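Subject: Structure handover

Hi,

Here is the structure for your files. My notes follow below it.

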Amino acid sequence: MNVQSVLSHLDWLLEEKQLDQVEPYLTRQLEEARQEGDAGAALTLLNELAGFYRSTSQTEKSLEMADQALKAIGDMGLAGTAPHGTTLINAATAYRAAGDLSRAADLYQEALATLQLLGETGYPLASLLNNMSQVYQALEQHQEAISCLEQAMEILQTLKDARAEVATTHSNLALSLLSLERREEAREHLDQALALFEEGDGPRDAHYGAALAAAAELAYREGDFLRAVELYEKALPEIRSSFGENDGYRITCQNLEAARKALEASGTAGEAPQVSGTAPQAPGEVGP
């Protein structure tokens, strides 16, 4: 199987926001790889499916694919290799999204040890650090999250063609800074993130919607409810076109409603409802 051709078509489907075609395409390719006895291609496709199911909030399917990929690593004798590190990152991210932070943390630590053993200093390490930061964010350990993200940023800024990943890291930094009420620093990172996402023509990066949602949260916290409503309304179609009506989409809908109510109440003595932070997702996993 020509894996690069398969991945190129997958990238095209995602860029064109044809989400309804992704699952049948990947599952069909996975079946073909297995019929051909191409274990390497099957591993790549399991990782891609785990990531797709995670991003569209199909939790059980994501965990199933991640566990199959980890088993395949053992069956193929690939422990301690680069594909092992990538698979560990993908599996950890799936467990993080499922809310099993303990399992996610263990897998991330195993991935970090694997990458360090391999002497990895490039994009896979930056992706790992970005994803590890989201475990710390979920645990409300934002200083640790910031440390991971700053390390990731140092790596990404040395790489070519990493504009979207740099933008996403800015967004993730802003989220932790917001949680620590460091609003001016958060604003600086969000401004940089949105500027990077909005460069050029064509479809926006899949994580643009989450950056808009983070900017909306900042506006809300500062009492600019009109801007918050505008940004949440702009974020929703971006999130839906990239990931469907996943958990992030549903939280953003709830936050939009809270912002609308706050805007309506701003002319009275009404108290503004609370919004929930919607974390931008980390850079996409690197295929093995």
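In which helix is the place of Thr59? Thr59 sits in helix α4. Helices here are DSSP runs of H or I with at least four residues, numbered from the N terminus.

Two points on sourcing. This is a predicted model, where local features need pLDDT of at least 70, side-chain atom pairs count only at pLDDT 80 or more, and totals for chains, interfaces and linings use all residues. Residues are numbered from 1 along each chain as its sequence is written, and side-chain values use heavy atoms, leaving out hydrogens and water.

Thr59 first. Its relative accessibility is 28%, so Thr59 counts as partly exposed (buried is under 20% relative accessible area, exposed over 50%, partly exposed in between; 1.4 Å probe, protein chains only). Thr59 is 197 residues from Leu256 in sequence, and their C-alpha atoms are 25 Å apart.

Now two backbone points. Ser57 has phi near 60 degrees, a positive value in a residue other than glycine. Ser57 lies in the loop between α3 (39-55) and α4 (59-75). Ser57 is partly exposed, because its relative accessibility is 22%. Asp161 also is a residue other than glycine with positive phi, near 55 degrees. Asp161 belongs to the loop between α8 (142-156) and α9. Asp161 has a relative accessible area of 80%, so Asp161 is exposed.

Next, a helix pair. The axes of α9 (residues 163-179) and α11 (residues 208-221) come within 10 Å and cross at roughly 25 degrees. Axes are lines fitted to C-alpha atoms over the stretch in contact, with angles from 0 to 180 degrees between N-to-C directions. α9 and α11 are therefore roughly parallel to each other (angles under 35 degrees). On the α9 side, Ser171, Leu175, Leu178 and Ser179 make the contact; on the α11 side, Ala211, Ala214, Glu217, Leu218 and Arg221 do. Contact means heavy atoms within 4.5 Å. These residues divide into five nonpolar, two polar and two charged.

Last, the core. The largest nonpolar core has 88 residues. Such a core is a set of buried Ala, Val, Leu, Ile, Met, Phe, Trp, Tyr and Cys residues joined through side-chain atoms within 4.5 Å. Leu26, Leu107, Tyr108, Leu125, Leu128 and Tyr232 touch the most other members. Helix α11 gives the most to this core, with 10 residues. Leaving aside residues up to four places away in sequence, Tyr108 touches Ile89, Ala92, Thr93, Arg96, Leu128, Asn131, Met132 and Val135.

Best wishes

Terms used:
Parallel < 35°, antiparallel > 145°, perpendicular 65-115°, else oblique. Nonpolar A, V, L, I, M, F, W, Y, C, P; charged D, E, K, R; others polar.
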